[in-house]
Amino acid sequence: MEMFYTVEKAVRILISLLKQHNIKKIIASPGTTNLTFVASVMHDKWFEVYSCVDERSAAYMAVGMAEETGEAVVLTCTGATASRNYLPAITEAHYRKLPILAVTATQEENRIGHLIPQVLDRSVQPNDTYIESQHIPFVENGDDEWEATIRLNRAILALHHRGGGPVHLNFTTHYIRDYSVKELEQAKVIRRWDLTVSPQSMPQIPQGKVGIRVGNHKVWSDEETKAVEDFCEAYGAVVFCELGSNYAGKYRVDSSLLNYQSCQKDLFNSDLIVHIGEVPSYGNDSTRSTRQVWRVNPDGELRDPMRRLTNVFEMREVDFFNLYSKLAPKKDAGKASAEQRVAEFKEMYDYLHSQLTDVPFSNVWIAQQTAHLLPENCKLHVAILNSQRTWTIFELPETVKGECFVNTGGFGIDGCMSSAIGGAIANPDTLHFLVIGDLSFFYDINSLGNRHIGNNLRILLVNNGKGTEFRNYNHPGAMFGEEADKYIAAGGHFGHKSHHLIKHFAEDLGYEYITASNKEEYLENLEKFVSPEVNDKSILFEVFTDSTDESDAVFMINNIIKREETTRDKIREALPSGVVNLIRKIKK
């Protein structure tokens with residue numbers, strides 16, 4: 001009977017990645033739990049497989065091989081105490097930074113601690129042994145495969161990262177006896193690059209459309225902005241942004257509103273996305289049709305939210321963009337293309353906004369009336385979820401686009417107001433605006449009484465008496481209707497939309513308080529709220545809305561072009577001819 005590769009997918013991914021990283025030497029100790037790995041490499045003549053019964057001796061053999069050849073060496077053993085015998089040699093390898101990859105195997109982790117024979121807990125390793133330890137799940141679906149691929153890439157890259165050292169892989173096996181896979185599929189390999197690598201050896205920018213996706217990002221320096229724009233002009237790239245991306249340059253594309261439309265996905269087709277910044281909002285999903293993603297960050301970590309990651313550049317963004325601008329065949333070869341792409345996105349963006357009429361009195365309507373009126377050079381802070389979702393889709397003044405802050409790092413409601421207050425205290429000569437919902441506001445209400453607060457804070461409190469996020473039509477909580485208010489949306493707390501509670505509290509603390517319960521009242525007070533003049537008091541503007549109107553408004557922004565209108569004929573009927581031609585051109 002012929003034997004080939006195991007049907008256990010995680011093992012085949014590991015074998016493929018070992019080959020792509022040119023790791024050939026394997027020292028195998030006898031056992032059953034690691035049998036699917038050993039039997040698979042045993043029948044692949046590409047590998048150099050050695051046998052050693054004693055795991056302690058096998059590990060020291062790996063030390064000798066690694067120091068002699070400079071190559072990574074693989075160890076593999078069974079369950080029970082076998083892997084414990086690796087530790088003396090692995091300690092030696094740790095202090096000498098030798099690239100040894102210990103591949104152990106285990107039964108399902110849920111068996112740990114239940115007195116099942118040969119099941120040990122390998123989840124924690126001594127500090128001065130392995131520099132990286134990854135558990136690899138049994139692959140049964142696409143999510144498992146993605147997780148296993150990322151973990152295996154991370155582990156193999158660690159063998160030589162920042163000096164390198166020994167690494168541990170613990171994969172789950174089901175002891176499947178089927179070795180019928182004749183062809184080893186090529187797993188997705190992720191490479192890491194830094195400035196020690198020759199520029200000519202780095203991967204080339206692929207032909208086709210290039211985009212830069214910016215998550216939450218620190219305020220940009222002039223040097224960083226110029227580096228990105230030089231890159232865009234070299235490769236015809238655009239910069240997909242959201243509120244919090246803080247890039248305000250000429251190749252910015254405000255992508256959130258376009259992303260909400262179910263039939264606009266072709267606009268974002270890209271051959272490469274350069275991923276920078278940190279945690280994005282929910283609206284900046286501009287990479288769903290991307291062939292590959294390059295992550296650029298000094299931390300060098302494998303961050304793959306789009307599941308298209310192929311390269312990680314462990315360097316500053318400015319160094320990456322300057323480097324690739326120099327590598328471009330011609331400096332300004334893509335300038336006209338970048339400008340055209342920005343214009344095309346802007347045309348679609350303007351069309352979508354032109355269709356947003358008769359919006360209910362809601363956070364969406366408030367943002368629509370207010371965003372463009374914010375005073376020049378102010379700072380904008382926005383609480384997460386409903387406020388962030390709605391304020392990111394409307395045009396801000398140019399000087400405000402690069403000064404926006406959202407707590408998407410932990411994505412919690414607990415400190416949005418305190419963060420804005422901290423910014424206002426740190427920069428007392430600049431107006432700081434905060435848009436916040438009532439649950440976030442009351443969660444953080446004690447911060448309003450901080451004695452260091454001056455006169456440069458403007459708070460827009462959208463009070464709908466509950467966590468309206470959980471009542472939006474597209475939220476899982478919406479199916480419970482009014483019942484959701486009891487425990488899911490937490491309705492009825494904090495005065496139950498009292499028109500006196502916050503008024504007295506704010507005024508007693510020295511704020512100027514204004515309020516509105518409808519569109520007319522809001523517009524009457526808007527000029528005062530957005531006035532560029534710094535008054536003697538900070539302002540708290542409480543606006544009372546209804547969760548039904550909030551949900552209807554979210555539905556409107558998500559369905560400017562309705563899902564049922566996505567066929568070719570109905571799109572032609574829904575859009576102006578110029579926009580239809582634009583979409584046709586983009587698809588080509």
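At least two residues of the lining of the second largest pocket come from α5 (142-158), and at least two from β7 (191-193). Helices (H or I, at least four residues) and strands (E, at least two) are DSSP runs, numbered from the N terminus. The structure is a predicted model, in which local features need pLDDT of at least 70 and side-chain atom pairs count only at pLDDT 80 or more, while totals for chains, interfaces and linings use all residues. Residues are numbered from 1 along each chain as its sequence is written, and side-chain values use heavy atoms, with hydrogens and water left out.

To stay with the second largest pocket, about 370 Å³ of space lies within it. Its lining holds 15 residues, and those closest to its centre are His21, Ile156, Leu157, His160 and Arg192. A pocket here is an open set of points on a 1 Å grid over the protein atoms alone, where a 1.4 Å probe fits, with protein on both sides within 12 Å along at least five of seven lines; lining residues have an atom within 4 Å of a point. Grid points are joined across faces, edges and corners, and a volume is the space filled by probe spheres set on them. Strand β7 supplies the largest share of this lining, three residues. Sorted by class, the lining has six nonpolar, five polar and four charged residues. Ala, Val, Leu, Ile, Met, Phe, Trp, Tyr, Cys and Pro count as nonpolar, Asp, Glu, Lys and Arg as charged, and the others, Gly among them, as polar.

The largest pocket contains about 500 Å³ of space. It is lined by 28 residues, of which Pro206, Gly208, Val210, Ala234 and Tyr235 are the closest to its centre. Two or more lining residues come from each of α6 (222-235), α8 (317-327), α9 (335-354) and α20 (577-587). The biggest contributor is α9, with five residues. This lining comprises 16 nonpolar, seven polar and five charged residues.

The C-alpha trace spans about 85 × 60 × 45 Å along its principal axes. Of the 588 residues, 55% are buried; buried means under 20% relative accessible area, exposed over 50%, and partly exposed in between (1.4 Å probe, protein chains only).

Two single residues can be set side by side. Asn170 belongs to strand β6 (residues 167-172) and counts as buried because its relative accessibility is 7%. Beyond its neighbours within four places in sequence, Asn170 has contacts (heavy atoms within 4.5 Å) with residues including Thr104, Arg122 and His135. Phe494 lies in the loop between α15 (484-487) and α16 (501-508). Its relative accessibility is 39%, so Phe494 counts as partly exposed. Leaving out residues up to four places away in sequence, Phe494 touches Phe442 and Leu501.
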